[in-house]
Every structure is written in C-alpha cells, then in structure tokens.
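Here is a friendly note to read beside the model. Keep the 3D view open and look up each residue as you meet it.

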Amino acid sequence: MSVLIFADQAEGHIKKAALEAISYGAGVAAVLQTTATALVLGPVSKEDAAALGKYGAQKVLVASTDAFGHLDGQVYAQAVVQAAQSENATVIIFPHNPDGKAVAPRVAARLKAGLVSGATSLPDVTGGGFVVRKNVFSGKAIAGVSITSPLKVISLNPNSYPVKETGGTAEVVDFQPTVTAPKVKVTKVDKVVGEVPLSEAEIVVSGGRGLKGPENWGIVEDLAHALGAATACSRPVADSGWRPHHEHVGQTGLTIRPNLYIAIGISGAIQHLAGVNGSKVIVVINKDPEAPFFKAADYGIVGDAFDVVPKLTAAIKQLKGIS
Amino acid sequence: MKILVCISKTPDTTAKIAFTDNNTKFAEGGVQFIINPYDEWYALVRAIELKEADPTAQIHLINVGGPDSEPIIRKALALGGDEAIRVNTDSADSYYIAAQIATVASQNGYDLILTGKETIDYNGASIGGMVAELLDLPYIALATKFELNGTTAVVTREIDGGEEIAEVALPLIVSCQKGVAEQRIPNMRGIMSARTKPLKVVEPAPADTLTTVAQFELPPAKAGVKLVSPDNVGELVRLLHEEAKAF
Ligand SMILES: Cc1cc2nc3c(=O)[nH]c(=O)nc-3n(C[C@H](O)[C@H](O)[C@H](O)COP(=O)(O)OP(=O)(O)OC[C@H]3O[C@@H](n4cnc5c(N)ncnc54)[C@H](O)[C@@H]3O)c2cc1C
Ligand SMILES: Nc1ncnc2c1ncn2[C@@H]1O[C@H](COP(=O)(O)O)[C@@H](O)[C@H]1O
C-alpha cells in the first residue's frame with residue numbers, strides 16, 4: 001500500500017498546485033499509515049525532483065522521456081497507472097487543475113477507482129470508511145463523498161490545502177513506463193507572460209460593469225500591481241470585449257479560490273459569486289450599499305471606485321514601501 | 001459525421017440550495033431545472049454549428065437520467081439535436097454515468113463526443129475523461145475553441161496561465177467551456193419540430209457505482225461584512241494586513 005501523487009510540471013517547473021497535492025498526499029499517507037511517492041512526467045532536474053522530499057514525498061519517480069513533453073491524457077494516464085501498480089498505490093492524487101482534470105478521470109476509469117474531484121479535505125476514515133469533502137453547487141454547498149472501491153483517486157482543489165514543508169528527503173528513481181505514441185499533437189502554447197496566472201494567484205483584483213469602460217482599467221491594474229495580484233472581471237465585462245475572456249470568473253467562467261479577492265464595481269450576482277465564493281477574504285468596493293456582494297464580503301467600502309481605488313493603491317504602496 | 005452531445009440536468013443557477021433526507025439529498029421542491037449551461041451553450045451549440053457547416057452531420061443527444069429529464073432533453077432537441085437517447089436510471093456516480101454513455105457510444109460509433117466542462121451541481125469535471133478511457137479515445141478537457149479540418153480537430157484548451165492548441169484526429173472526446181460557441185435561444189420552428197424528434201429510452205447496462213454522497217452541508221455563514229469609510233482606506237489596508245493577514 002502507498003499513496004501516489006501526480007506532480008504536475010510545466011517546462012521543468014513543478015507547479016504550486018502540485019506542491020499542494022504532495023503536501024496533501026503526505027497527509028493522506030499519514031492518515032493511512034503508509035508512504036507517499038510523487039510521480040513527475042516530463043523534464044525535471046534531479047535536484048528539483050529530490051526537493052519534493054521537503055513536502056513529504058519519500059520517493060520521487062521521474063519519467064522524463066519525450067513522450068511527456070506535452071500533455072496527452074491517454075499517454076499520461078498509462079504512465080500513472082503503471083506507476084500506481086509498481087508502487088502498489090491504493091490512493092492516487094492529482095491537482096484539480098487543467099492537466100489533472102484531463103488525466104485523473106482516465107486513471108480512475110482505468111483502475112475502476114472511485115474519484116472525488118476538487119477535494120478540499122483529507123479523507124475521514126472513521127469506521128473503516130473513506131469520506132472526502134468537496135465543494136458542490138459551485139461552492140454553494142459541501143458534500144462528503146464516500147469512495148467505496150478499494151482503489152481511490154482524489155483530485156485536490158487548488159488553494160484548499162496548504163503547502164507544508166516537513167524538511168524530509170526523497171529518493172529519486174528513474175521510471176520508464178511503456179506507453180503508446182501520443183495522438184495529441186500540440187502546435188502552439190500561449191502563456192500570458194509577465195502577469196500572475198489567474199488560477200494560481202494568491203490575490204485577485206476584479207472589475208465589473210461599474211468601471212464603465214475598458215479605458216478605466218488602469219486603476220484596477222495599478223492596484224493589482226501594487227499587490228502582486230492577478231486581474232479578473234465579471235462576465236458582461238468580458239462579453240463586451242472590455243477585458244479578455246480568460247479573465248472572466250463565475251459560474252460560466254473560471255472558478256478561483258485566492259487568499260484575497262477584491263471586487264470593484266461588481267454587483268455580486270449569484271452566478272458571479274459561484275466562481276469566487278471560495279476565496280478566503282473578500283473585499284467589495286461598490287457605490288451601492290444595497291449591492292448583493294456586500295452579503296458575501298468580509299470587508300467593504302461603500303463608495304465610488306474612481307475615488308476609493310487610487311487611494312487604496314497608494315495606501316498599499318505606502319505600507320509595502322514601494323513608490 | 002456523427003456527433004454525440006452529453007446533456008445533463010442541473011438546478012437553475014439561481015436555485016436555492018437546500019437538502020432533505022438527513023442532508024443526503026438535494027431538495028428539489030420548487031426548483032427549476034435547466035440543461036447544464038456548459039452542455040447547452042457550448043457543447044450543443046458548437047455541434048449545431050458543425051451541422052450547419054456540414055448538413056450531412058447527425059447530432060445525437062444523450063442523457064443518463066430519469067423521466068424527469070425529458071423536458072430538458074426536449075429543449076435541447078428544440079435547439080437543434082436530431083434525436084435523443086435517455087438511459088433510464090437516476091444513479092449519480094460519475095463512473096456509472098460514464099459507463100452508460102460509453103456503452104451507447106460504442107454501439108453507435110460517433111466521430112465526436114462533446115460534453116460540458118463540468119456540471120454546475122456536482123462540479124465533477126470527470127465524465128468526459130472517464131468515457132474517453134472506457135472507449136480508448138483521446139480526450140481534450142476544457143476546450144475554449146474547437147475547429148474541424150477534415151477529420152482532424154484543432155482544439156484550443158485552457159492550461160495553467162494560458163492556452164494550448166493541439167491537433168487530434170477524430171474520433172475524439174472534448175469537454176467544452178466558454179469560447180467554444182455562443183449561447184442561442186430556440187426558435188419556434190425548433191420548438192415545434194422537437195416534439196416529433198425521436199427520444200429513445202434505453203435501460204442501463206450493468207455497471208458498478210464507486211462513490212456515494214454521505215452527506216451535504218451548507219458552508220458556514222459569513223460573519224458579516226465590516227464596512228470601512230471611503231475616507232479611511234488606510235484602515236482597510238491595516239485590517240487586511242493585520243487582521244485578515246491577506247497580504
Ligand atoms: C446562467 C448564467 C450564468 C452567468 N455566469 C456568470 C459568470 O460566470 N460570471 C459573472 O460575472 N456573471 C455571470 N452571469 C451574469 C450575472 O448574472 C450578472 O449579470 C453579472 O455578474 C453582472 O456583472 P457586473 O456586476 O459587472 O455588472 P452590474 O450588475 O451591472 O453591476 C455593476 C455594479 O457596479 C456598481 N457601480 C457602478 N458605478 C460604480 C462606481 N463608480 N463605483 C463603484 N461601484 C459602482 C453598481 O452599484 C453595481 O453594483 C451569468 C448569468 C446567467 C443567467
Ligand atoms: N447524467 C448525465 N447524462 C449525460 N451527460 C452527463 C451526465 N452527467 C454529466 N454529463 C456530461 O458530463 C459533463 C461533465 O459532468 P461532471 O463530470 O459530472 O461534472 C457534463 O457537462 C455533461 O456534458
């Protein structure tokens with residue numbers, strides 16, 4: 001028995017969501033009194049692989065052949081299944097990020113393992129059960145999901161479990177799975193450069209229709225810059241072409257769970273809240289005291305964004321000592 | 001070309017979320033049900049557009065659900081599906097649902113299977129990948145764009161912090177989200193013709209269920225908003241920094 005964690009990487013860099021998954025996997029291993037093994041598919045340096053020991057992996061399998069240069073879910077799933085079998089893993093953990101969403105269901109179906117996707121808690125194993133919590137109804141409720149099969153797959157919601165440094169060390173093992181040729185041919189990768197990617201951001205500054213037009217986004221960007229935050233927007237803002245579509249959060253856009261979400265000129269419609277209500281701290285700036293968003297907020301300012309936001313940016317810069 | 005679109009039934013986005021039966025079941029009383037928005041707005045509409053570009057294409061819809069799914073299936077047919085299949089069961093386990101879809105798909109040989117990115121009630125984001133594995137097909141999750149070039153699909157998908165474009169030969173399974181298509185409203189002709197389009201009911205194939213919901217709960221209520229005067233933004237910064245430790 002062991003716990004296997006799919007440690008997702010991009011260009012040799014292990015993602016934060018993967019470090020969370022390893023910390024979580026180590027937590028699951030502790031609950032089950034077993035060991036945690038991380039699996040890296042794709043290029044990663046030996047040092048970076050060994051460093052995963054710090055987060056609680058006792059062993060790190062590295063398969064760095066060309067087949068894993070880009071994600072092909074079918075090929076990745078074959079490798080994860082073989083690693084699970086060679087490690088005799090009974091629980092397999094993924095980050096619930098775009099790659100995890102492509103691979104975890106495949107592995108679950110192949111191994112006939114029950115899947116909890118978007119998990120937010122360690123398993124509760126009292127009475128011989130195995131119950132994992134996850135958000136449902138787009139964050140409006142929580143479900144305790146019981147996995148009844150012997151093998152289990154869990155994908156961990158980003159920003160739901162802290163990265164923990166245990167100071168451990170890991171043995172790095174070269175892993176050579178037998179896989180079929182990729183069928184997915186990646187022709188282009190477009191990364192938003194220079195900005196914090198929304199899905200991984202700790203702080204998000206978001207603007208709505210209250211900002212009146214794209215020409216006014218400077219105040220949103222200045223605040224985001226001062227905080228080292230990513231920017232987001234409500235759906236009508238993206239639909240009107242004021243901001244790019246990938247910034248749209250909510251029921252039909254991205255779901256995010258940052259530490260801090262600052263909503264500027266957004267009314268707080270239920271479909272918007274569905275994408276952001278997992279944020280740890282919510283700040284709302286809106287000139288209408290009746291705006292529904294205040295009900296979901298931790299802190300709020302009733303006021304005009306064009307007045308409040310520049311002052312807020314200045315106060316943050318002052319605190320951080322940046323000019 | 002034969003396209004299968006997976007359609008699920010979800011509570012309306014504004015529905016009140018409450019539970020019954022000792023918090024093990026969603027309270028359906030008074031709730032309006034809709035086609036899961038990702039399935040309707042993106043997967044189904046993109047399928048309809050593909051058929052508009054190639055009138056020989058056929059669109060089948062599949063729903064795994066009880067008779068209470070029929071209104072949303074009819075609505076999907078009104079938007080533009082050719083015929084629908086309902087697998088008559090109300091099991092909610094992802095593996096079980098995926099096994100049903102895979103069984104129907106393997107009997108009918110589709111070139112393309114489209115799903116939504118996730119259901120807005122269970123938020124699984126997993127059915128498409130499971131069906132793909134059961135059928136041994138490639139699967140692109142979280143597509144934001146889908147084009148066809150003969151029998152090769154050119155799909156843009158969300159990745160962390162950006163997008164990636166890939167080419168994959170059909171047959172293929174794709175989960176769709178915003179960007180793939182634009183929402184449409186059914187017209188009168190569609191609504192009339194939907195009544196006579198075939199809706200086949202089949203009994204489920206034997207399959208295991210691997211998960212059950214032990215209990216639902218509502219998130220703890222927020223303590224209430226702390227309001228700060230617009231003339232004192234420094235206080236908000238202090239609260240965020242010292243009290244909430246948010247940055
Ligand atoms: C099925 C469905 C799915 C949807 N999915 C999403 C989704 O994913 N994401 C999403 O965001 N929406 C979604 N919507 C739309 C949603 O219902 C709202 O219409 C939308 O969120 C409103 O955007 P908004 O708050 O920017 O604009 P508005 O509702 O127009 O609100 C603007 C706010 O700005 C305030 N304001 C105006 N001027 C100022 C000023 N000078 N200073 C400060 N405040 C000011 C106003 O008081 C108001 O509260 C969906 C709707 C449906 C039906
Ligand atoms: N009961 C169902 N019947 C048909 N398709 C479904 C069903 N449940 C989910 N799907 C499809 O699978 C997608 C992902 O669902 P899920 O994995 O449950 O979040 C949905 O957007 C639908 O396209």
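1. **Ground rules.** This is a predicted model, in which local features need pLDDT of at least 70, side-chain atom pairs count only at pLDDT 80 or more, and totals for chains, interfaces and linings use all residues. Residues are numbered from 1 along each chain as its sequence is written, chains are lettered from A and ligands numbered from 1 in the order in which they are written, and side-chain values use heavy atoms, leaving out hydrogens and water.

2. **Who surrounds ligand 1?** There are 28 residues around ligand 1, and A:Arg209, A:Ser234, A:Ser267, A:Gln271 and A:His272 come nearest (a residue is near if one of its heavy atoms lies within 4 Å). The site is shared between chains because residues from chains A and B surround ligand 1. In chain A, α6 (235-239), α7 (270-276) and α8 (305-320) each supply at least two residues of this shell; helices are DSSP runs of H or I with at least four residues, strands are runs of E with at least two, and both are numbered from the N terminus. By class, the shell around ligand 1 has seven nonpolar, 15 polar and six charged residues. Here Ala, Val, Leu, Ile, Met, Phe, Trp, Tyr, Cys and Pro count as nonpolar, Asp, Glu, Lys and Arg as charged, and the others, Gly among them, as polar.

3. **Polar atoms at ligand 1.** Look for a polar side-chain atom of A:Gln271 at 2.7 Å from an oxygen atom of ligand 1, and one of A:Asn286 at 2.8 Å from an oxygen atom of ligand 1. The protein buries 81% of the 980 Å² that ligand 1 exposes when taken alone (areas come from the Shrake-Rupley method with a 1.4 Å probe).

4. **Ligand 2.** Around ligand 2 there are 18 residues, and the closest are B:Cys6, B:Asp39, B:Val64, B:Ala125 and B:Ser126. A backbone N or O atom of B:Val64 lies 2.8 Å from a nitrogen atom of ligand 2, while a polar backbone atom of B:Gly116 is 2.9 Å from an oxygen atom of ligand 2. Taken alone, ligand 2 exposes 480 Å², and the protein buries 95% of that.

5. **The largest pocket.** How much space lies in the largest pocket? About 1400 Å³, a volume being the space filled by probe spheres set on grid points joined across faces, edges and corners. On a 1 Å grid over the protein atoms alone, a pocket is an open set of points with protein on both sides within 12 Å along at least five of seven lines, a cavity is a set where a 1.4 Å probe fits but cannot get out, and lining residues have an atom within 4 Å of a point. The largest pocket is lined by 50 residues, with B:Asp90, B:Ser91, B:Ala92, B:Ile97 and B:Asp121 nearest its centre. The largest share of this lining, four residues, comes from β14(B).

6. **The second largest pocket.** This pocket has a volume of about 1000 Å³. Its lining has 32 residues, of which A:Gly139, A:Asn277, B:Pro219, B:Pro220 and B:Lys222 lie nearest its centre. Domain 1 (2-174) and domain 2 (198-320) of chain A both give residues to the lining, so the second largest pocket lies between them (domain bounds come from an automatic or database assignment).

7. **Cavities.** A search of the whole structure finds four cavities of 30 Å³ or more, and the largest cavity has a volume of about 570 Å³.

Technical notes
A polar contact is a pair of N or O atoms within 3.5 Å; within protein, one must be able to donate a hydrogen and the other to accept it, and residues adjacent in sequence count only if both atoms are side-chain atoms.
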